[in-house]
Amino acid sequence: MIIVTDYAKRIDQDAFRRDLINWFNNNKRTLPWREDQDPYKVWVSEIMLQQTQVDTVIPYFNAFIRQFPTPSALADADEQEVLKAWEGLGYYSRARNLKTAVKEVKESYGGVVPKEKQSLSKLKGIGPYTLGAIMSIAYNQPEPAVDGNVMRVLSRLCNIEEDIAKPKTKKTFEALVRQLISEQDPSSFNQGLMELGALICRPQSPKCDRCPVKAHCQAFHSNKQNVLPIKSKKKKQSTHSYYVLVLEDQSGQLLIEKRPENGLLANMWQFMMLEKKEVDQALILPYVEEVYQTQVFEHKQLESIKHVFSHVIWELDVHYFKVENIKHVEHSQMLVEKSKIDAFPFPVPHQKVYQYLN
């Protein structure tokens with residue numbers, strides 16, 4: 001069994017640190033969360049950057065910080081307002097966890113993001129990676145911040161043939177970063193690893209000719225950069241098929257419903273969804289009339305939508321109905337004027353439905 005110190009010994013650690021930090025300081029991208037070391041901004045950016053590309057995050061981050069400039073401002077905001085600001089980023093549990101955590105920051109720490117590792121780690125939604133990012137980038141403490149980019153870089157750097165999809169492997173990389181990290185400048189070291197993975201040491205076709213640390217890279221010297229890292233495939237996503245029912249009454253109001261408080265897209269709003277197995281397509285019109293106690297004047301099928309989440313795929317057949325006054329509305333549903341729909345946080349597939357209506 002190879003222990004972490006053996007991996008670290010495969011490279012000249014001092015030279016590697018120096019080359020990585022020098023490259024980062026001379027080549028780092030200008031990003032809004034790098035303008036200062038505000039721990040709240042670092043925190044928000046790292047949560048947004050989970051599962052989302054930098055170019056996508058930048059406008060969201062800027063708008064979010066304008067709307068909620070401090071932890072206390074976010075803590076005091078209405079959850080629907082926060083979800084609306086997050087609309088389009090996906091993985092909405094990130095926003096809900098962030099709001100819960102900043103509320104504790106306001107109540108327990110006077111609105112200041114704690115710099116003590118133990119306190120920070122107890123906040124909702126802060127796992128080892130986010131903890132390490134805040135501690136190192138904002139507070140300049142030598143804590144590892146290991147994500148997929150970092151594991152890829154270090155797999156190649158130290159020729160590590162462990163499966164990075166396994167949770168235990170992440171522990172190996174965290175221990176390795178503790179061995180390698182700069183005590184003097186952990187902020188630049190961690191950001192340098194992240195930046196290297198994002199710009200140079202990419203998953204496919206790494207730019208080895210431009211790599212500032214290729215002299216230290218074991219995979220490069222053994223021509224294994226396109227083999228590493230080793231990553232087992234994820235389980236196949238399950239597919240769910242729905243009808244989306246868009247009901248518009250004679251006064252131009254649309255019927256929408258709020259999703260449950262827990263689970264996928266919790267507390268978001270959407271048009272009515274019905275699993276296809278619950279009703280035959282030929283019976284959709286009488287189903288709508290019976291359930292909503294109304295009469296359908298117009299029925300047309302809009303463009304179908306396929307939306308891929310991390311673990312599930314939605315296949316949506318969209319049906320539009322112009323109806324008489326709707327007499328039955330559930331407690332989770334409400335009629336809303338078209339002009340006011342934008343005030344509600346909708347997940348991306350239902351935003352597309354609304355775009356089709358317009």
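**The α10/α11 packing**

A: Helix α10 (residues 148-157) packs against helix α11 (residues 167-180) at about 70°, with axes 11 Å apart. Helices here are DSSP runs (H or I, at least four residues), strands are E runs of at least two, and both are numbered from the N terminus. Axes are lines fitted to C-alpha atoms, for helices over the stretch in contact, with angles from 0 to 180 degrees between N-to-C directions. The model is predicted: local features need pLDDT of at least 70, side-chain atom pairs count only at pLDDT 80 or more, and totals for chains, interfaces and linings use all residues. Residues are numbered from 1 along each chain as its sequence is written, and side-chain values use heavy atoms, without hydrogens or water.

α10 and α11 are therefore roughly perpendicular (65 to 115 degrees). On the α10 side, Val150, Met151, Leu154 and Ser155 make the contact (heavy atoms within 4.5 Å). They meet Lys170, Phe173, Leu176, Val177 and Leu180 of α11.

Now the cysteines. A disulfide needs two cysteine sulfur atoms within 2.5 Å. The count is zero. For Cys158, the nearest cysteine sulfur, in Cys217, lies 8.7 Å away. Cys158 is buried at 0% relative accessible area (buried means under 20%, with a 1.4 Å probe and protein chains only). The sulfur of Cys217 is 6.4 Å from that of Cys208, too far for a bond. Cys217 is also buried, at 11%.

Last, the loops. The Leu228 to Pro229 peptide bond is cis, with omega near 0°. Pro229 sits in the loop between α13 (218-221) and β1 (238-248). Leu265 has a positive phi of about 55° and is buried at 5%. Leu265 lies in the loop between β2 (253-258) and β3 (269-270).

Key:
Buried < 20%, exposed > 50% of the residue type's maximum accessible area, 1.4 Å probe, protein only. Parallel < 35°, antiparallel > 145°, perpendicular 65-115°, else oblique.
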